[in-house]
Amino acid sequence: MLTTTDLRKVYPTGDEALKDVSTRIEGNEIVAMIGPSGAGKSTFIRCINRLTEPTEGEVWLDDTELTKLNDDDLRAARRNVGMVFQEYNLVERLTVMENVLSGRLGYVSNWQAFRRNFPQEDVARAYEILDTVGLADMENKRADELSGGQRQRVGIARAVIQNPKILLADEPTSSLDPDTSHAVMDLLVEIADAEDIPVLINIHEVDLAVEYADRILGLHDGELVFDDDAAALDDDARDVIYRGATPAELLGGGKPTATGSPESSSDEHDSPAPTTGRTPVAED
Ligand SMILES: Nc1ncnc2c1ncn2[C@@H]1O[C@H](COP(=O)(O)OP(=O)(O)OP(=O)(O)O)[C@@H](O)[C@H]1O
Ligand SMILES: [Mg+2]
């Protein structure tokens with residue numbers, strides 16, 4: 001289970017890319033994060049494993065507070081977070097098998113890795129995962145001989161072999177054609193199920209998000225303005241996410257947001273809306 005509490009990021013340039021984002025992602029749910037360009041989607045994913053350091057707030061993965069860890073502990077904890085990238089980030093001149101096994105680098109010693117001496121069970125698991133992602137018999141192809149869709153499958157296989165507790169994908173389909181995008185989304189759903197882990201996907205195509213996600217997170221200008229079932233993403237919610245319209249501006253009110261329902265923000269009190277974020281340690 002991933003929990004973020006009041007996660008805030010201010011870049012040195014002064015850009016406030018995340019404004020107190022609190023949410024929770026658990027089970028084997030597929031969560032899509034949508035929002036206009038510059039809304040903070042990539043920043044959110046990168047702050048989870050601290051590729052980008054959050055300015056304030058907490059990130060918890062199960063009972064580990066990632067935001068508190070020193071460098072060594074963080075390196076170990078990052079094994080639990082599988083990352084899938086838009087541009088695949090493969091080593092072009094290495095084979096499919098070598099790229100997949102590089103997902104085990106956090107586990108084997110530097111010497112083993114240098115000798116490409118991976119334990120037999122890792123190799124067996126790599127074959128199994130290559131089969132799952134539809135790349136059986138392609139283990140000896142070089143990454144630079146693959147199509148975009150095949151590369152993304154390798155990227156997913158490399159993340160899965162880490163045995164992560166969560167999979168984070170930043171725009172995994174935006175370099176792919178529509179059919180291949182569907183195939184990759186199908187695969188991510190299949191993996192959430194098979195591995196019993198949640199998957200968070202940053203995605204530009206709202207239709208794909210609605211089709212595949214159980215839940216949608218909507219970011220606008222760094223603020224989490226929508227956090228609800230995919231079925232609840234109506235036109236008003238899209239306006240809030242993409243135009244920054246406030247619920248009060250929308251005829252007939254709006255959908256509840258992460259920072260409170262329209263009712264609570266329209267009453268006479270000026271106090272800030274209650275946050276929905278809870279820290280795992282405060283649960284008892
Ligand atoms: N390294 C950085 N230094 C300074 N500002 C940054 C940096 N990275 C992102 N930003 C700013 O933070 C905000 C959020 O950027 P981010 O890349 O997270 O958005 P995004 O939702 O992923 O956008 P896109 O859909 O275009 O990928 C933007 O205003 C961006 O200019
Ligand atoms: Mg982005």
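Two strands pair if DSSP finds at least two bridges between them. Strands (E, at least two residues) and helices (H or I, at least four residues) are DSSP runs, numbered from the N terminus. The structure is a predicted model, in which local features need pLDDT of at least 70, side-chain atom pairs count only at pLDDT 80 or more, and totals for chains, interfaces and linings use all residues. Residues are numbered from 1 along each chain as its sequence is written, and chains are lettered from A and ligands numbered from 1 in the order in which they are written.

**The four-stranded sheet**

Four strands form an open sheet in the order S2-S1-S4-S5, with antiparallel pairing. Its edge strands, S2 (16–25) and S5 (64–65), each pair on one side only. S1 (residues 2–10) and S4 (residues 56–61) run antiparallel and are joined by five bridges. Thr-3 stands opposite Trp-60 in S4.

**The six-stranded sheet**

A further open sheet has six strands in the order S6-S7-S8-S3-S9-S10, and its pairing is mixed. S6 (81–85) and S10 (223–229) stand at the edges with a single partner strand each, so one side of each has no neighbour in the sheet. On average, neighbouring strands of this sheet are turned by 15° against each other, direction ignored. S3 (residues 30–34) and S8 (residues 199–202) pair in the parallel sense over four bridges. Within this pair, Val-199 in S8 is the bridge partner of Ile-30.

**Helices on the sheets**

Axes are lines fitted to C-alpha atoms, for helices over the stretch in contact, and angles run from 0 to 180 degrees between N-to-C directions. Two residues are in contact if their C-beta atoms, placed from the backbone, lie within 7 Å.

| Helix | Strands | Angle |
|---|---|---|
| H1 | S1, S2 and S4 | about 60° to S2 |
| H6 | S6 and S7 | about 170° with S6 |
| H7 | S3, S7 and S8 | about 160° to S8 |

**H6 against H7**

H6 (residues 148–160) and H7 (residues 178–195) pack at an angle of about 15°, with their axes 10 Å apart. That makes H6 roughly parallel to H7, a term for angles under 35 degrees. The residues making the contact include Gly-148 and Ile-156 of H6 and Ala-183 and Leu-187 of H7. By class, the contact has six nonpolar, four polar and two charged residues. Here Ala, Val, Leu, Ile, Met, Phe, Trp, Tyr, Cys and Pro count as nonpolar, Asp, Glu, Lys and Arg as charged, and the others, Gly among them, as polar.

**Around ligand 1**

The residues around ligand 1 (C-beta atom, placed from the backbone, within 6 Å) include Tyr-11, Asp-15, Lys-41 and Ser-42. The shell has three nonpolar, seven polar and two charged residues. Its largest share, three residues, comes from H1 (residues 41–48).

Methods: Angles under 35 degrees count as roughly parallel, over 145 as roughly antiparallel, 65 to 115 as roughly perpendicular and the rest as oblique.
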